[in-house]
Amino acid sequence: MTVSYVIAAGHAQVGDLVATARILSERVIGLVVGPETVARQVAQAGLDQVLWLGQPGQSALEAFAPAVAEIVRAQPGHVLAGRRSADRVLLGAAAAAIDALLVVGPTELAAEGDLTLVTAPVNGGLALSTVAFSGPLACLLDGGPVPDGPAGPIQSASGPLAEIGLVSLQPAASQTVDVAAAPRVVGIGGGLKSAQDLGLVEALAQSLNAALGCSRPVAEGLGWLPKERYIGLSGAHIAPQLYVAVGISGQLQHMAGCRQSETIVAINIDPEAPIMAQADYVLPGDLYQIVPALTRALA
Amino acid sequence: MSFELTDEQLITRDAVRQFADSTVAPIAAEIDRDHRAPLENLPAMAELGLLGMTVPEELGGSGSGTVSYVIAVEELARRCASHAVIVEAHSSLCCWPIVAFGNPEQHQAYLPDLAGGAKIGAFCLTEPGAGTDAASLTSSARRDGDQWVLNGQKVFITNGGFADVFVVFARTDPEAPSAKGISAFIVDRQTAGLTVGDPERKLGIRGSSTTPVSFSDLRLPATSLLGREGQGFAIAMRTLDGGRTGIAAQALGIAQGAYETAVAYAKERIQFGRPIANLQAIQWMIADMATDLEAGRLLCYQAADLEERHLDFAIQASMAKLFCAPMSVRVASSAIQVLGGVGYTESYPVERAYRDAKITEIYEGTNEVQRLVISKSQLR
Amino acid sequence: MTIAVAYKWAPEAQEASVDAAGRVDFSRAKDKISDYDAVAIQVGRRLADATGQALVGVTVSGPQAGQPVATKAALARGLDSVLVLAEEGLDRIGPSATASLLAGLVRQLDDVSLVLAGDSSTDVGARMTATLLAGRLGWACLTDVEQLDWSGSDWSITRTQTWGVETFKVTGPAVLALSPTAAAVKAPGMKDILAAGKKPVRPVALTDLGLERPDQGETRATARLTGPSRQGVVIDVSDPDAAAAVLVAALRQSGLLVEGSQE
């Protein structure tokens, strides 16, 4: 493919998308939906062309899906987008328009003649698979900030819109915790004996300035934390700088959601727990002693 | 010959398991600790249709068939034996005899409400002086014009604390030989003269309400008679035949729940540097428990299948209960043994399973009564 | 008018295992209607009843999805009928292929007002099937939908994003992916289970749809997914406070404890 598209819907987190697109093709075009300020930020990412489709106004960002599809259909290429809701909808529309193959979180990309070799996690991150595909790819991957660079030109573009009217937007009263976006995360698992003891790990999370997440049983079986805090296969996929796993055994399904963390600390009373072999720092001991000690050490 | 469950039976298992995991399990330990009936779950159980499985569709039930019914009881018991026995006593012991022996007026008057869960049923046979020897019961019903006047004392009535409808057995002919003079009645809780006593404090199934129920000059219309006059003992015995399959299923479910806890624990618990599941002593216990469960399940489902196909099933039901009840005690005991010290504490549900299992060797016919029934059939 | 629900009869990924070569083994995982899809069916039932529409399930998978136990399990949850494409080689196809075939099934239905889907599927987890399906159909699409109602003239849709609670309205046909919080899933009732066997199941073949088997590329290799290599530094915890001091020092040195607010 000679061209790749990077989609940015309402945000400019396209740093890693552009870097990946560069591997796939010579020419990289940004497709931006949202305020002009966002388009300007995207234009600093070193793209060959930035097409600004406009502000949603009283529509959803997702309303631009047909317009994005039309642009991509006119000149097919690889399409890349981040994981936010609107990004996924625009990516889906573009991919369907050109029969692109969806790839989630590719770890390696390489050209082989007319084929692209893609290595990516499959089944929600249970294993890796390498596939050779001849057509365009639709890549869903984590965005990443745009480095400061010289601003490139912005071109306006337009196209058909879907009818999705915004009736109201009630700004979040308090910042909801997004474990997937937090730079530091503390995860709590079945090692915690009772919901009353949550304060122990909350104190640690606070002193680390970290978001508190958990393994699946803590959120879905026991209900000690809301479901959006659950890290794992069908829950949040996190990639923070630091992940402190407390009383989490580290089953495959949990690791699928956290193995991209830069640094993993494991605190577990069972030295044989699977997570102990997958951590940077291993503390084989009682969380009820280690967690308070750690909180004190951070104070 | 096929041992495959039907699609409907498989889906029933999944559905009841989902309900038991999400709604029953979270309160199971608490109702046991507090000796409290889980009344808050009755509306959800009714909505799911768990209270109408033995009632035909045209009378407001689901007519799910006996196999699906025992699977439902088993799945409830896997998480909480008390929930299971509430359904069992209501369905097998109250709904079923009204379906089988009631007239069309009684069907219309009672079954839609019972099947839909608007009313809960109970069964009043046992008396202080008439347990296993039920034919010796002394409660009496005397004709007075177009009414019956009921007097007597019943004990150990499951669902007694909250049931709305009681199937009651009383002597209508004091002259007739013991079993012959008994008749069955349908009694509403509101009837003047009915008193429900304080619930028993029990070893297990503490979430089921077990109370005395007494009748003092309680007046019933003639239309309350269930079946024919003098047919009561036969009705009671036929009802208990079916009930035995339900209790076998309850025993099976208790054992299954305890077994699963033991297997999960054995895989996780590290001793001597490796999971205890690697130790032969544990492996042998798991093998015996699994084999016990398989045998019990085959007997229980076979009895249910015979009943569902309207074949003779009474002996198989007795065999299923005679095998499953002690099996349940045995498996629950082994589960505690696998867990060791923590198995003996309330931290895990296996000690509750052990206490709950014991009653299945006693009610709806003791092990000894089942042996009597079975041996009679063999020595004929 | 019809509301369609895309559902999947698939193994529970929580029960899958992976061998040394990275092959995912679902053999011990039981096939089921995923929890995500159960939410979509339950919301669909409520809306179909409220608006007098039929509720039709559409599914694409291997032959196991066409077995009566699979279709009855879906129907017992409240669908009026199902349209099933269940052929050898179609199990565990990726979201792109699934979406193109689901679009073929939706086109078989008359007068579809909405397609509902779970937010994810139990064995893949990409959260893209609904958006790709919308792309195939050329319809409006919203994901993470928490509340969905018919106002009398349009669909009212509410969802929570990190920046706030958004309410939208959509009139035309749309594909909506439902958040797991959109409904508390109930087990199918005993009467529903028996009624399921009497509801229509319409099997469809790829050839009926005039569709080819989608090109999913050629798999060259599989591997275990291990993530970055780990240092595996074991810290002695015999004195918890000393252990904590060692860890904090190491983290600080790696620049992982830089003060700053969460994003």
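User: Into which domains is chain C divided?

Analyst: This is a predicted model, in which local features need pLDDT of at least 70, side-chain atom pairs count only at pLDDT 80 or more, and totals for chains, interfaces and linings use all residues. Residues are numbered from 1 along each chain as its sequence is written, while chains are lettered from A and ligands numbered from 1 in the order in which they are written. Domain bounds come from an automatic or database domain assignment. On that basis chain C consists of domain 1 (2-209) and domain 2 (228-263).

User: Which element gives the most to the side of chain B that touches chain C?

Analyst: Two residues are in contact if their C-beta atoms, placed from the backbone, lie within 7 Å, and 16 residues of chain B meet 13 residues of chain C in this way. Helices (H or I, at least four residues) and strands (E, at least two) are DSSP runs, numbered from the N terminus. Two or more residues come from each of helix H1 (7-34) and helix H2 (42-48) of chain B. With 9 residues, the element that gives the most is H1(B).

User: Which domains make up chain B, and how far apart are the C-alpha centres of domain 1 and domain 3?

Analyst: Chain B comprises domain 1 (7-120), domain 2 (122-233) and domain 3 (239-379).

User: Which residue is the bridge partner of Arg143(B) in S3(B)?

Analyst: Two strands pair if DSSP finds at least two bridges between them; strand S2 (140-144) and strand S3 (147-158) of chain B do so in the antiparallel sense over 5 bridges. S2(B) and S3(B) form a hairpin with 2 residues between them, and Gly145(B) in the turn has a positive phi of about 65°. In S3(B), Arg143(B) is bridged to Trp148(B).

User: What radius of gyration does chain A have, and why does it agree with a compact globule?

Analyst: The radius is taken over C-alpha atoms, and the globule rule is 2.2 Å times the number of residues to the power 0.38. The C-alpha atoms of chain A fill a box of roughly 60 × 50 × 35 Å along the principal axes. Because a compact globule of 299 residues would have a value near 19 Å, there is agreement with chain A at 21 Å.

User: What percentage of chain A counts as buried?

Analyst: A residue is buried if 20 or more other C-beta atoms lie within 10 Å of its own, exposed if 12 or fewer, and partly exposed in between, with C-beta atoms placed from the backbone. Chain A holds 8 helices and 16 strands. Of its 299 residues, the buried share is 57%.
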